[in-house]
Amino acid sequence: MSAQVHVPSLFARFGTASVLTLAVTSTMLAPGMVSEAEAAAHSTKALKVAASKKGAPYKYGAAGPSRFDCSGLTVYSFKKAGKKLPRTAQQQYNKTRHIGKSQRKRGDLVFFHSGRSVYHVGIYAGAGKIWHSPKSGDVVRLAKIWSKSVWYGRVR
């Protein structure tokens, strides 16, 4: 028996080189970077990890597994998802691919800023909410985004 390869009619119109180009460019952000699908998988896993830490106490400088500050929660969550982030919220902002509010997806990072300085970070959960570790005396929790002074970043 010979194996038959069935090419959808959409691709049949493009030719071999164009199909290869289409396949590569439609999934890659840029040479050497991960695909959108791969980035989404890491972000979705990081979001689930952060949600699993609900109720964990805030501790300044802590990055898990049982206590967290804001950037410690994002470092821990993305590490469990297979991605390395720098330690502080500002460094994380500098490292991510900046996106607009209309482009945000679940698992993207939400950076709270005053002027040009980032002072807090959380993981976007959808519906205008984030998972974050807010402040001393509080715990990891889901909260509504309370400020318009936010930027969004996607972990690459």
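Figure 1. Tyr76 is buried, with a relative accessible area of 14%; buried denotes under 20% relative accessible area, exposed over 50% and partly exposed in between, for a 1.4 Å probe and protein chains only. Phe68 is likewise buried, at a relative accessible area of 0%. A search of the whole structure finds 5 aromatic pairs. In the pair of Phe68 and Tyr76, the ring centres lie 5.3 Å apart and the planes meet at 65°, so the arrangement is edge-to-face. Rings of Phe, Tyr and Trp (its six-membered ring) pair if their centres lie within 6.5 Å, and planes under 30 degrees apart count as stacked, over 60 as edge-to-face and the rest as tilted. Tyr93, Phe111 and Trp151 form one aromatic cluster. The model is predicted, with local features requiring pLDDT of at least 70 and side-chain atom pairs counted only at pLDDT 80 or more, while totals for chains, interfaces and linings use all residues. Residues are numbered from 1 along each chain as its sequence is written, and side-chain values use heavy atoms, with hydrogens and water left out.

Figure 2. Helices (H or I, at least four residues) and strands (E, at least two) are DSSP runs, numbered from the N terminus. Of the 11 residues of H4, 9 are buried, so this helix is largely enclosed by the rest of the structure. The buried residues are Cys70, Ser71, Gly72, Leu73, Thr74, Val75, Tyr76, Ser77 and Phe78. Their cover includes H3, H5, E2, E3 and strand E4 (129-132), where contact means heavy atoms within 4.5 Å. Just after H4, Gly82 adopts a positive phi of about 95°.

**Figure 3. The nonpolar cores.** A nonpolar core is a set of buried Ala, Val, Leu, Ile, Met, Phe, Trp, Tyr and Cys residues joined through side-chain atoms within 4.5 Å. The largest such core has 24 residues, and Phe78 and Leu109 have the most contacts inside it. Two or more residues each come from helix H3 (36-52), helix H4 (70-80), helix H5 (89-95), strand E2 (109-114) and strand E3 (117-126). H4 gives the most, with 5 residues. Beyond its neighbours within four places in sequence, Leu109 touches residues including Thr74, Phe78, Leu85, Val121, Ile123, Trp151 and Val155. Another core, of 8 residues, lies apart from the largest one and has Ile99, Tyr124, Ile130 and Tyr152 among its members.

**Figure 4. Strand pairings in detail.** E6 is mostly covered, since 4 of its 5 residues are buried. On one side, E1 and E6 pair in the antiparallel sense over 3 bridges, and Arg97 stands opposite Arg154 in E6. E2 is joined to E6 by 4 bridges, again antiparallel, and Val110 has Tyr152 of E6 as its bridge partner. E4 and E5 pair in the antiparallel sense over 4 bridges, with Ile130 opposite Ala143 in E5.

Figure 5. The peptide bond from Gly64 to Pro65 is cis, with omega near 5°, and Pro65 is found in the loop between H3 and H4. In the loop between E3 and E4 is Ala127, which has a positive phi of about 55° although it is not a glycine. Ala127 is exposed, with a relative accessible area of 75%. The chain averages a pLDDT of 85, and 78% of the residues score at least 70; pLDDT is the predictor's confidence in each residue, from 0 to 100. Over residues 1-32 pLDDT stays under 50, and the model has 11 contacts beyond four places in sequence for this stretch. Where pLDDT is low, the predicted coordinates should not be read in detail.

Definitions and conventions
Two strands pair if DSSP finds at least two bridges between them.
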